[in-house]
Amino acid sequence: MTKWSQIFIKSNLLVPLVAIVLGLLCGALVMWLGGYNSWSAYSALFHKVFGSSYDIGETIRTITPLLFTGLSVGFAFRAGLFNIGAEGQFMIGMTAATIVGVKLHGLPAIVHAPLALVVGALAGGLWGAIAGFLKSNRGVNEVISCIMLNWIALYLSNYLISSLVLEKGQQRSEMIQESASLSIGWLSKALDNARMDWGIFIGMICVALFYILLWRTKQGYELRAVGHNADAARVSGINVKGSMLKSMMISGIFAGLGGVFEVLGVFHYQVVTAASPGYGFDGIAVALLGGNHPIGILLGSVLFGALTYGSAGMNFTANVPTEIVRIVIGCIIFFVASHGLIQMFLKPRKPGRKPKKKGAVDGGSDLGLG
Amino acid sequence: MDLISDLANLTNSTLVFATALIFGAMGGLFSERSGVFNIGLEGMMTGGAFAAAIATWYAEKAGYGGASPWLGLLAGIVCGVLFSLLLALASVTLKANQAIVGVVINILAAAITLYLVKIIFNGAGDTDILNEVFSKWAIPGLSDIPFFGKALFNTYPTTYMAYILVPLCSYILFKTPFGLRLRSVGEHPGASDTVGISVTKYRYIGVIISGVLAGIGGAAITLTTTGNFSHSTVSGQGFIALAAMIFGRWSPWGVFGATFFFGMAQALRNFIKLYDWSAHIPMEFLYMLPYLLTLLVLAGAVGKGVKGPAAAGEPYDPSKR
């Protein structure tokens, strides 16, 4: 039984790099078919990302939520769980932070902002723990329960925002109190009013925490053991149920933090939306590309964040629809997920023998329903 | 308006909303029964809805008139199949993780369709409103029956197709050798392989049928409900179909019951707006209902806990037989 966490341990750096190149080539091909100049589009993307200090700041802002959801998905992967629900945990974390940020008055900033942050993170964690509980105690496949929880989170958030903190006559919440803000004023000024906040710094701390939790604590060892082989872990006396619950909770906290900074750091209000923002799904891409390793996830979020932010430039300069970047991201995940394809081309074939197995991938054996 | 006529109208629009879900969920059923977990349903339906809109639009301009929506339906099927081939290639042949490939299909379908819409319609985010869409057919004789005539026999051709689809799927899956083999591949691929059933072949067939049905489901949304295609045309109905498949416990009649129920949840949104008291009901809870119920059913809080096909989600590896 090969598990999620092993998908990448077996392969090397080559696969993600080849996947990125192939993804960009696919994007170029799609642009060429659509009658656009892909070279000028990609250079417009590059210029948009590094063009000015404002753009660099805004790129970092785009990277932040992807870093958090990437860490969230990656952490669960390590424990053998596919947290497709980072999207919902993100929404719930955001909503909790908005409500605390708007509703509490008169607190000093040193109390209010951290309080909103902690409440948001815990709310995300609890939302993740629901899927963890259903998995460990009722045997419900976490992919299915997370999909359902994502939609429930979306509508629950809309309901809570519109019934508790709605700005009159608008489809969004009231502004959060000044004391709950996690923006960094001086840094924004230094970067031409790009929306800078503490998110990226807390994100870096989370990258370190991710590593320490998993590789430097007994609990982390147990989580990884469950991820490698739940049966073996159970036999050797590890509390498998508890580990699953714990890992989904921590995973949810990461995603929830992403939502917290989106509202307390960037927008300062939350809109009532018909669809969730999609950071959770991008987090899957980030975690996969980053091999579920904290440094890899950081690099993955930088790449996808830059692509996402730069797509506006492609649209403006080369007139290419911004969706092209979603196509590129989709292709990259496709190539990473079916890296048997890439390995087939990379591996020299032995003459006279047909390769029996393409690649060594059979991840997802724990995806059996029920 | 009297109660009977209200109820007939409600049933009628419930079935119209349920049509897309029936096709989508039956698609999911075939894929999952063959052992391939299909969360790309949403993407396949998006593809179907998009292709139907574009093909109908071109056919209408080329002067095909009333045949246009049928060509659109055909295009929807083709597009659904294309996406399903991607799923089959990656998850059956390349043994990639099925859930991840499903996510990829959802991302790609959403992006590619919108990209093409923007190219074809000069940067606009939605297609023009179609003139030649399906209109309701009243079946002579049957449509005169009180209540049932109005509720069941005065509706779109796609809905009539859905009526036939449910017993047909039930028959194919449970009464034919083909259905038995398809299910066996999803329950115990090792055993099927031993008796000479090609796991790869049946999984490909299961996934392709899934693409055909999901494509029709998506096309039905464009050609009956919305009349054009935009990013919000499908908006989660693929996931509701997935939920309906689980809520219906992987059986065609169960799925039909679930889709009827979820279709009613959608129809009710428009229906209760006619009444003043509806302002006090938070709509969000009505939106949430299908997902919440599915979660409860899965958790075993409603009835017995359910288990899907035993091997769904696992790539088949003959060396581990």
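## Around A:Gly74

A:Gly74 touches A:Ala287, A:Gly290, A:Asn292 and A:Ile297, leaving aside residues up to four places away in sequence. Two residues touch, or are in contact, if their C-beta atoms, placed from the backbone, lie within 7 Å. A:Gly74 lies in helix α4 of chain A. Helices here are DSSP runs of H or I with at least four residues, strands are runs of E with at least two, and both are numbered from the N terminus. A:Gly74 counts as buried, because it has 31 C-beta neighbours inside 10 Å. The cut-offs are these: a residue is buried if 20 or more other C-beta atoms lie within 10 Å of its own, exposed if 12 or fewer, and partly exposed in between, with C-beta atoms placed from the backbone. A:Gly74 and A:Asn141 are 67 residues apart in sequence, and their C-alpha atoms are 18 Å apart in space.

The model is predicted: local features need pLDDT of at least 70, side-chain atom pairs count only at pLDDT 80 or more, and totals for chains, interfaces and linings use all residues. Residues are numbered from 1 along each chain as its sequence is written, while chains are lettered from A and ligands numbered from 1 in the order in which they are written.

## Helix α4 of chain A

Helix α4(A) spans residues 53-78, 26 residues in total. From its first C-alpha to its last it reaches 36 Å, close to the 38 Å expected at 1.5 Å a residue. That expected span is 1.5 Å times one less than the number of residues. Of the 26 residues of α4(A), 22 are buried, so the helix is largely enclosed by the rest of the structure. Just after α4(A) comes A:Gly80, with a positive phi of about 80°.

## Chain A overall

Chain A has 16 helices and 0 strands. Its C-alpha atoms fill a box of roughly 75 × 60 × 35 Å along the principal axes. The radius of gyration of chain A is 21 Å, which agrees with the value near 21 Å for a compact globule of 370 residues. This radius is taken over C-alpha atoms, and the globule rule is 2.2 Å times the number of residues to the power 0.38.

Of the 370 residues of chain A, 60% count as buried. Among contacts in chain A with a separation of 6 or more, 79% join residues 24 or more positions apart.

## Chain B overall

Chain B holds 12 helices and 2 strands. From the N terminus on, its elements run α-α-α-α-β-α-β-α-α-α-α-α-α-α. The radius of gyration of chain B is 20 Å, close to the 20 Å from the globule rule for 321 residues, so chain B is as compact as a globular protein of that length. The C-alpha box is roughly 65 × 50 × 40 Å along the principal axes. In chain B, 56% of the 321 residues count as buried.

An unreviewed UniProt entry annotates "transmembrane region" at several spans of chain B, among them 156-174 and 204-227. UniProt positions follow the numbering used here, feature names are shortened, and annotations may be inferred rather than shown by experiment. Residues 156-174 of chain B are 95% helix and 0% strand, with end C-alpha atoms 28 Å apart. Residues 204-227 of chain B are 96% helix and 0% strand, and the end C-alpha atoms lie 32 Å apart.

## Where the chains meet

The contact takes 51 residues from chain B and 45 residues from chain A. On the side of chain B that touches chain A, α4 (98-120), α10 (237-247) and α12 (283-299) of chain B each give two or more residues. The largest share, 15 residues, comes from α4(B). By class, that side of chain B has 35 nonpolar, 10 polar and 6 charged residues. Ala, Val, Leu, Ile, Met, Phe, Trp, Tyr, Cys and Pro count as nonpolar, Asp, Glu, Lys and Arg as charged, and the others, Gly among them, as polar.

The largest nonpolar core has 222 residues; those with the most contacts inside it include A:Ile333, A:Ala337 and B:Ile100. Such a core is a set of buried Ala, Val, Leu, Ile, Met, Phe, Trp, Tyr and Cys residues joined through C-beta atoms within 7 Å. Helix α4(B) gives the most to this core, with 16 residues. B:Ile100 touches A:Ile284, A:Leu288, A:Ile333 and A:Ala337, not counting residues up to four places away in sequence.

## Two loop residues of chain B

B:Lys95 is in the loop between α3 (68-93) and α4 of chain B. Its phi is positive, about 55°, although B:Lys95 is not a glycine. B:Lys95 counts as buried, with 23 C-beta neighbours inside 10 Å.

B:Phe147 sits in the loop between β1 (137-138) and α5 (148-152) of chain B. Phi of B:Phe147 is also positive, near 60°, in a residue other than glycine. B:Phe147 is exposed, with 12 other C-beta atoms within 10 Å.
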